[in-house]
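Here is a short report on one protein model. Keep the sequence and the 3D view open while reading.

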Amino acid sequence: MKLSIVIVNYNVEHFLEHCLLSVKKALKDIEAEVFVVDNNSVDGSISMLKSKFPEVKLIANKENVGFAKANNQAIRQSSGEYVLLLNPDTVVEEDTFEKCLNFMDSHVDAGGLGVKMIDGQGKILKESKRGFPTTWVCFCKMVGLTKIFPHSKKYCGYYMGHLSYDETNEVDILAGAFMLMRKKALDKVGLLDETFFMYGEDIDLSYRITQGGYKNYYFSDTSIIHYKGESTKKGSLNYVYTFYNAMDIFAKKHLKKKQTKVFSLIIKFAIWARATVSFFLRILKKTTFPVLDFILVYLGFYLLEKFWAIYYWGTADYYPIHYILVAIPIYIVILLFCVYLFGGYDKFRPHKLISGVFFGMISILVVYSLMPAALRYSRAMVIMGSILTFFILFIERYFLHYIKTGRWSIAENTSSYIIVGDRQETKRVTDLLRSTNLKPEFIGLVSVDDTEEKDYFLGDIAQIEDIIRIYHVNEVIFCSKSLPQSKIISVMSDLSKTDVRFTIAPEVTDFIIGSNTINTPTDIYVMSVNSVVTDDNKRKKRLFDFSFSLLILLFFPLVVIFCKKHFVALRDDLLVLVGKLTFVGYNKNDIKIGELPKLKQSIFSSMENIKYKNLDNRTIHRLNQMYANNWNVKTDWNILIKNIFEL
């Protein structure tokens, strides 16, 4: 056996399928075996593997055992002359394995090999080649010197910035996303260290390979796509802690005692510094906009109060000081909260501002009417202040929109796509794209060469830059059945400096997959719309649950009369109130529930009103999908009203 490929999967079904399709093409004429170790995924990965890739050797763990242990499980069963550790969120070129194996065969000193990696936007990933993480190297990376001097041997040792990405060179550290190793080297130095749960194990093994007398190489003659960051959220505090803690384990294992102490201090400082910065940035990000709104609206209310007091009442001091310092801030908080509930803090939509401000004004007037006469200062101020609030928020958002986009028009940019492939595949992908909730304004087709029908296509792939510019294209979708992966990667690299996004449509699948940046969620356009998990609908569903739970508490004496298990009803209602449960959700008997958009555990199923209870699994899953795809408040209301006394 020439090659054993090991892929560790955890809840990335679509990426895994895309990866395996590319691996299958690249293994032509190579004697190889493919292992997939699944770390207890709940997204349907295992059923997909069994139905579409029966030749893959599956190891299904009952728990998440971590990256190192999962890889070792497969390596121990492997029989290849070479072992490749490959991430599931990667796509390889058709000749990647052939080129890499030829290089390893001709370089008997090579213990391990890595390749050029690009992200989903066509940009080269710096971790394609890395240096040994000494105390100085890590210090430079943590304080930002590596970023400031990206090509310096002294300051950018972490990414070996002095070496070209277009030249094959000896390196210290290989990336675990694509790590090809000689099995004899592994037999000599040992497998991955299972002390590392995630991150750091590739650094540790790379170092041990060099200590065993072998060399590690960065191989520039082939490229892969690595949709970096899809299995983990790179910006999270948990990632920061896990990554730097792995560095600490490595230091204690391989560095001298004196170096380890300094290294540990740097690591601890880095964790606390990143955590502190991350905490304050999160707060700042969430509060800056509302605080700015509050300040501007309060200023507007204050000037309005002075104007109205002089104009209508004839004195500037008509309203008491506590009205200005207490009542007006309360009004503003209510107005802004209602604006938030109606989506006024999402995309700039005037109708959402109008709805939020109007609902807030009505809420204030209702509460106002219940207050003692001494505290009812002025209905006119409430109404005029609410109208003024709308205009302030509108003008503020209008200017911020201009600053951000450079456009005075608030209409959304039309979404323009081009699909690159042959006639049959471009038609399939066009139909798939139109079945989603994206509703593109323009879809153009680009052929893979100049032999296709001219009338059917805008042009061929050689003209893609001109097509993008002329038609103001936002996104390019490649049909992998029509194009070699090497060509796709080449075009992505050539266009990496543009703002165009790239996605790939794997053959014989019902999804299109791509990634824009590390911090942006992957774009997976599947047949379903998944409207229940849009930001707007999540907020509406939560507001409905919150309002209805308050209503039940208000009329709880009736619940006691009509509900047999009234204490259970009270408990569940309180759990909905605090957000631990939702009133309506999926049928729990769905064996593929992990493939659906995530919802909280529910009291009632979306199928409560269906007369026929003995449904097969396929029907249950389909009905759950329909609930997810077509959710609205009315659906939950009807189910809850008809089953209210079953609480």
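A residue is called buried under 20% relative accessible area, exposed over 50%, and partly exposed in between. Asn40 has 35% relative accessibility, so it counts as partly exposed. This is a predicted model.

**Overview**

The protein has 21 helices and 18 strands. Of its 647 residues, 50% are buried. Take the contacts with a separation of 6 or more: residues 24 or more positions apart account for 72% of them.

The average pLDDT is 83, and 86% of the residues score at least 70. Over residues 516–522, however, pLDDT is below 50; this stretch has 11 contacts in the model beyond near neighbours in sequence. Residues 526–530 also stay under 50 in pLDDT, and the model gives them 13 contacts beyond four places in sequence. Where pLDDT is low, the predicted coordinates should not be read in detail.

**Two loop residues with positive phi**

Asn40 sits in the loop between β2 and α2 (45–52). Its phi is near 65°, a positive value in a residue other than glycine. Asp29 is found in the loop between α1 (13–26) and β2. The phi of Asp29 is near 70°, again positive in a non-glycine residue. Is Asp29 buried or exposed? Asp29 is exposed, with a relative accessible area of 77%.

**A buried helix face and a buried strand residue**

Helix α3 covers residues 67–77. Its buried residues are Phe67, Ala68, Ala70, Asn71, Asn72, Ala74 and Ile75. What covers them includes the strands β1 (3–9), β2 (32–39), β3 (57–61) and β4 (82–86). Helices α7 (183–189) and α8 (201–211) are also among the covering elements.

Thr222 lies in strand β9 (residues 215–226). Thr222 has a relative accessible area of 1%, so it is buried. Which residues does Thr222 touch, not counting those up to four places away in sequence? They are Glu93, Asp95, Thr96, Lys99, Cys100, Val115 and Lys116. Glu93 is 129 residues from Thr222 along the chain, yet their C-alpha atoms are separated by 7.3 Å.

**Helix α12 and its two partners**

Helix α12 (residues 350–370) packs with helix α13 (residues 379–405) at an angle of about 160°. That makes the two helices roughly antiparallel, because an angle over 145 degrees counts as such. The axes of α11 (residues 321–341) and α12 cross at roughly 140°. α11 and α12 are therefore oblique to each other.

| Pair | Angle | Axis separation |
|---|---|---|
| α12 and α13 | about 160° | 10 Å |
| α11 and α12 | roughly 140° | within 7 Å |

On the α13 side, the residues that meet α12 include Val382, Ile383, Phe390, Leu393 and Phe394. Arg379 and Arg397 of α13 also take part. The α12 residues in this contact include Pro350, Ile354 and Leu365. The contact of α12 with α13 divides into 13 nonpolar, two polar and two charged residues.

From α11, Tyr331, Ile334, Leu335, Cys338 and Val339 meet α12. Among their α12 partners are Gly356, Phe359, Gly360 and Ser363. How many charged residues are in the contact of α11 with α12? There are no charged residues, with 11 nonpolar and three polar.

Technical notes. Residues are numbered from 1 along each chain as its sequence is written. This is a predicted model: local features need pLDDT of at least 70, side-chain atom pairs count only at pLDDT 80 or more; totals for chains, interfaces and linings use all residues. Side-chain values use heavy atoms; hydrogens and water are left out. Axes are lines fitted to C-alpha atoms, for helices over the stretch in contact, and angles run from 0 to 180 degrees between N-to-C directions. Helices (H or I, at least four residues) and strands (E, at least two) are DSSP runs, numbered from the N terminus. Angles under 35 degrees count as roughly parallel, over 145 as roughly antiparallel, 65 to 115 as roughly perpendicular and the rest as oblique. Contact means heavy atoms within 4.5 Å. Ala, Val, Leu, Ile, Met, Phe, Trp, Tyr, Cys and Pro count as nonpolar, Asp, Glu, Lys and Arg as charged, and the others, Gly among them, as polar. Buried means under 20% relative accessible area, exposed over 50%, partly exposed in between (1.4 Å probe, protein chains only). pLDDT is the predictor's confidence in each residue, from 0 to 100.
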